[in-house]
Amino acid sequence: MEKKIISKPYDSLSVIYDHLMKNVRYDFWAEYIHIMVKDYIPKRPKVLELAAGNLRFAKRIKKHFKSIVVSDLSYNMLHSSRGIKFPRVCCDMTALPFKREFDLVLSSFDSVNYLTSKAKLLQLFKEVEKILKEDGIFTFDVVLENNCLTYEKFANRKGNYHGVNFEQISKYDKEKRFHKNIFNIFLPTGESLTEVHKQKIFPFFTYFEVIAKTNLYVVDCFKTFTFEKADQDSDRAQFILKRKHKHGNI
């Protein structure tokens, strides 16, 4: 008899995550981030990655930044790539345990969209503010509504990876602005695992409104993977934040 288990996001998905992300150009992504932030940080920055997942991005960005600490809410994801050596911390991005400060804090691949309320979003920014050096920066990307409306149907898929069958069902609720990805994973043992990933698709200007309640400010905001200014009609937005200086921002 099939045994069905409901698991936390990314706890079960870690077994097929590499396959789901096989077409992601981590090398290109890392190069983009490096070019975008290099003029804001020292030559040997202390870097923290939030929601680092399986560390594939961290492995590529290490080419540019040697001192990296990686963190993620999912222990299984952090330890799914055992051959990659980084200091790893399992933690919630809205409750960071770090006592040290970083020159660069980053989060990639719309991980911030997993914060489903303005209160959680505000808490993230306040937590980052605590650990950011005076001239440090925080960069993150988010999915906007246009992306959900355009690509929703393309996220529905089925497949097999190393004997594990899976299906992904993608749904966007335009009224509530929630995007759900439901993953059904069927293991060779007969177990059936289900994960529901829920992301909040905030309006573009909501991020600016929440950031304005902190001691951070938006240095720039691009259409992700470009250096064109983002707006409410963009698919994705890449933010760069800095701490406000007591005597004005320079």
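User: Hi! How many residues does helix H2 have, and how far does it reach?

Analyst: Helix H2 (residues 26-37) has 12 residues and reaches 16 Å from its first C-alpha to its last, close to the 16 Å expected at 1.5 Å a residue. That expected span is 1.5 Å times one less than the number of residues. Helices (H or I, at least four residues) and strands (E, at least two) are DSSP runs, numbered from the N terminus. This is a predicted model, where local features need pLDDT of at least 70 and side-chain atom pairs count only at pLDDT 80 or more, while totals for chains, interfaces and linings use all residues. Residues are numbered from 1 along each chain as its sequence is written, and side-chain values use heavy atoms, without hydrogens and water.

User: Thanks! Which residues of H2 are buried?

Analyst: They are Tyr26, Trp29, Ala30, Tyr32, Ile33, His34, Met36 and Val37. Buried means under 20% relative accessible area, exposed over 50%, and partly exposed in between (1.4 Å probe, protein chains only).

User: And what do they pack against?

Analyst: Their partners include helix H1 (17-20), helix H3 (56-61) and strand S5 (102-107). Contact here means heavy atoms within 4.5 Å.

User: New topic: why does Glu145 count as buried?

Analyst: Because its relative accessibility is 15%. Glu145 is found in helix H6 (residues 145-151).

User: What does the side chain of Glu145 make a polar contact with?

Analyst: The side chain of Tyr172, at 2.7 Å. A polar contact is a pair of N or O atoms within 3.5 Å; within protein, one must be able to donate a hydrogen and the other to accept it, and residues adjacent in sequence count only if both atoms are side-chain atoms.

User: Last one: is Ser71 buried or exposed?

Analyst: Ser71 is buried, with a relative accessible area of 1%.
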